[in-house]
Amino acid sequence: MLISRRQRSVLLSCGLVLLVVLLVAGLAAGADDQGEALREAARAGDLARVDALLAAGTPVDAPARYGQTPLYFAAEKGHLAVVKRLVERGANVNAEDGFFGASVLEIALQSGPNNELALYLLAHGAEDAFSALGAALENDDLALARAALATGLIEPLDLAAARREVKDAAGPMSELLATATAKPRQRPPYKAAPEQLSTYAGQYRQEIGKDAMVAVRGDALGITLPGQKETVLTAVEEGRFDSADGNLSIIFGGRGGIVEWARVNQGGELSFFGVVTSDPTPLRTAAAPGAEAKPEPAAAPRPWPQFRGLHASGIGDGQGAPAAWNVTTGEGVRFKTPIPGIGLASPIVWGDRIFVTTAVSGKGDTTFRTGLYGETTSVDDHSEHSFRLYALDAVSGRVVWEREVHRGAPKVERHLKSSLANSTPATDGERIVVLFGAVGKLAAYDFEGKQLWQRDVGILDSNDPQSGSAEWGHASSPILYGDLVLVQGDRRKDSFLAAYRLATGEEVWRVAREEPSTWGTPNILPSPSGDELIANGPTIRAYDPRTGKPLWSLGPSSEVVVATPVIGDGLAFVTAGYPPVRPVFAVRPGQRGDISLPKGERSSKAIAWSYARGGTYIPSPILYRGILYTCNNNGILTAYRAETGEQLSMIRLSANTTASFSASPIAADGRLYFASETGDVYVLRAGPEPELLAVQPMGETVMSTPAISGGLMVVRTLNHVFGLAQPVAEGRGAP
């Protein structure tokens with residue numbers, strides 16, 4: 001389909017995968033109560049409330065955090081009557097959000113085919129005619145196409161692209177475009193500042209072997225497309241450059257004000273390129289990998305009591321973890337136990353018990369979608385759900401008991417790649433603590449399945465910070481600290497960090513957090529001056545875990561934060577991988593106050609080392625034998641020397657550039673394990689330049705982080721819990 005002028009597509013990492021981001025309306029902004037109320041009323045389509053707030057003097061364009069206006073909210077939800085009232089009262093029909101740059105008209109079009117609303121906006125001055133033309137072609141909407149062309153804002157190259165789109169299809173749309181005319185848009189003079197020009201320069205990739213180079217040429221840019229000579233283009237508006245002959249145009253875009261992609265229109269032929277921020281090497285296969293399929297002798301069984309095991313380290317050394325198995329033949333598979341519903345919580349293990357949670361939809365909705373995409377659509381399932389805790393026997397995999405923690409309709413929705421049971425349980429060997437954020441329930445059970453207590457902690461509605469309607473689902477897991485249960489409850493409003501008594505569920509302390517929704521689990525950094533509870537977020541913060549007293553803060557970080565801080569080698573490693581910055585920080589213990597780095601600096605007394613880019617989005621990093629490994633959701637694995645931050649290698653785990661990773665890596669006995677969403681477990685020899693030992697297919701979707709304990713690797717797939725124990729014959733499973 002024809003893509004809009006502001007191109008909502010983000011080309012992931014090296015630009016090898018097109019990530020279509022369907023923007024939704026913006027997060028309400030802080031203390032602006034009246035403005036927030038107007039935006040909420042506009043989103044809800046409450047015309048009477050909108051009228052009352054406007055009559056009370058609320059500004060019609062009261063902006064949210066990224067500049068989204070009430071009109072933006074109303075258009076996103078398709079509320080035509082509210083849109084008309086706001087426009088009548090002077091709302092700016094060309095308002096754009098400040099994060100994605102999407103227009104009111106574009107967000108209206110992305111909410112679904114809405115001819116009347118789009119026509120109204122065009123008739124009242126909306127200038128994003130190219131978005132309207134693209135939607136018209138997609139839906140074969142002649143009226144919308146005519147309205148877009150009638151604005152006189154369609155560029156000749158854009159018209160040529162539209163004609164190319166329908167060139168093989170005879171019919172009214174093709175005839176309309178064939179007779180349409182277009183002329184270059186009249187714009188005020190524009191000159192790009194030198195510092196802005198430099199942000200566009202660099203390498204861009206369409207696919208492997210098809211790179212474009214952009215360089216600064218005085219006040220202009222030179223672009224060299226694959227197989228062509230350089231063409232010089234001049235700026236005509238922010239982010240757009242045209243050639244003198246009118247045959248080539250390039251538009252740059254990205255999230256949060258950073259350049260991530262370029263859309264090139266050459267003679268009506270559209271092509272898309274992603275910024276190449278790194279160029280990973282292919283993963284090498286280790287010599288004689290079969291020898292490493294034999295597990296090391298197991299030491300005494302060690303529990304895996306929370307998300308990623310002890311201290312969230314992800315390390316299972318000395319537990320006899322298998323390096324090879326075959327789920328098709330059953331070799332190395334101790335058990336395969338079905339679990340109903342959808343739950344992405346990771347398994348935990350203590351002694352002869354495995355614990356997992358799930359949420360079972362009353363209408364049986366198991367809609368789920370893996371892959372590299374940015375769609376924010378929520379699953380609309382408000383049926384009664386059963387929120388459950390399962391205890392499995394670690395030897396046989398049989399269900400020893402199951403308990404329904406709560407039954408009821410969830411108060412929030414989940415993302416297409418999420419569940420309503422994302423929080424991993426935690427145990428001290430006597431009690432199991434579970435958290436279901438969708439219904440706000442925190443509960444504890446003993447090992448026989450008796451409920452010890454349950455507490456309502458409030459609904460944890462975790463949304464994209466730019467989203468007022470789409471929901472992703474809560475994910476942060478509870479952790480245990482002495483006799484306390486610690487919960488990071490970052491949500492749309494009134495985020496908090498709280499401690500509850502492990503024995504009774506009584507709230508011990510609670511502190512308010514300024515953060516929007518986050519999805520990471522907190523972690524404890526030991527320090528001579530007292531332990532520090534580190535909570536990841538757009539601002540990284542540390543607290544006294546005994547009292548909740550704030551200790552230090554660090555920023556800036558990503559707008560959307562998922563990764564759990566990793567502790568080891570006397571440092572805390574904190575990463576995030578979403579715009580506008582994707583940092584990696586190595587923080588020294590014992591800090592106080594604001595420890596943010598001065599601009600341009602990479603280290604300080606508080607920060608051992610850092611990178612402004614390189615942080616990972618969904619999988620948490622792992623620190624193993626002096627090396628910090630970060631794996632992005634597109635399978636780019638980077639190794640850093642933990643002490644100094646020296647980058648040792650950067651490799652691509654899969655030759656399939658569309659492979660996606662959400663589960664966090666684990667390590668054992670000199671090996672690293674990376675599970676892709678499609679269920680391929682990549683087993684690597686750990687080291688400065690990791691090498692592939694085997695690829696072990698699970699045959700099912702894997703989103704959860706595996707657990708290792710007592711000679712067993714527990715892998716949770718979307719439908720089962722697998723117990724992997726005995727190695728197969730030497731070399732089995734190696735590529």
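Among the 53 residues of the largest nonpolar core, those touching the most other members are Leu71, Val83, Leu86, Leu105, Leu121, Leu144 and Leu177. A nonpolar core is here a set of buried Ala, Val, Leu, Ile, Met, Phe, Trp, Tyr and Cys residues joined through side-chain atoms within 4.5 Å; buried means under 20% relative accessible area, exposed over 50%, and partly exposed in between, with a 1.4 Å probe and protein chains only. Helix H7 (residues 129-139) gives this core its largest share, six residues. A second, separate core has 34 residues, among them Ala321, Val356, Met698 and Ala725. In soluble globular proteins, nonpolar side chains tend to be buried together.

The model is a predicted one, in which local features need pLDDT of at least 70 and side-chain atom pairs count only at pLDDT 80 or more, while totals for chains, interfaces and linings use all residues. Residues are numbered from 1 along each chain as its sequence is written, and side-chain values use heavy atoms, with hydrogens and water left out.

Turning to the protein as a whole, it holds 11 helices and 47 strands (DSSP runs numbered from the N terminus: helices are H or I, at least four residues; strands are E, at least two). Its radius of gyration is 27 Å, which agrees with the value near 27 Å for a compact globule of 735 residues; the radius is taken over C-alpha atoms, and the globule rule is 2.2 Å times the number of residues to the power 0.38. Along the principal axes, the C-alpha atoms fill a box of roughly 80 × 60 × 55 Å. Of the 735 residues, 61% are buried. Contacts (heavy atoms within 4.5 Å) between residues at least 6 apart in sequence join residues at least 24 apart in 61% of cases.

Helix H3 (residues 70-77) is largely enclosed by the rest of the structure, because seven of its eight residues are buried. These are Pro70, Leu71, Tyr72, Phe73, Ala74, Ala75 and Glu76, and they pack against helices H1 (33-44), H4 (80-88), H5 (104-110) and H6 (115-123). Leu71, already met in the largest core, touches Val83, Leu86, Val87, Ala91, Asn92, Val93 and Val104 when residues up to four places away in sequence are not counted. Glycine 78 follows H3 and has a positive phi, near 75°.

Leaving out residues up to four places away in sequence, aspartate 158 touches Phe130, Arg240, Arg263 and Asn265. The C-alpha atoms of aspartate 158 and glycine 267 are 9.1 Å apart, although 109 residues separate the two in sequence.

Several loops deserve a look for their backbone geometry. Most residues other than glycine have a negative phi, and most peptide bonds are trans. A cis peptide bond with omega of about 0° joins glycine 555 and proline 556, the latter in the loop between strands S31 (550-554) and S32 (566-568). Proline 579 and proline 580 are also joined by a cis peptide bond, with omega about 5°, and proline 580 sits in the loop between strands S33 (571-575) and S34 (584-587). Positive phi values near 55° occur at arginine 625 and at aspartate 669.
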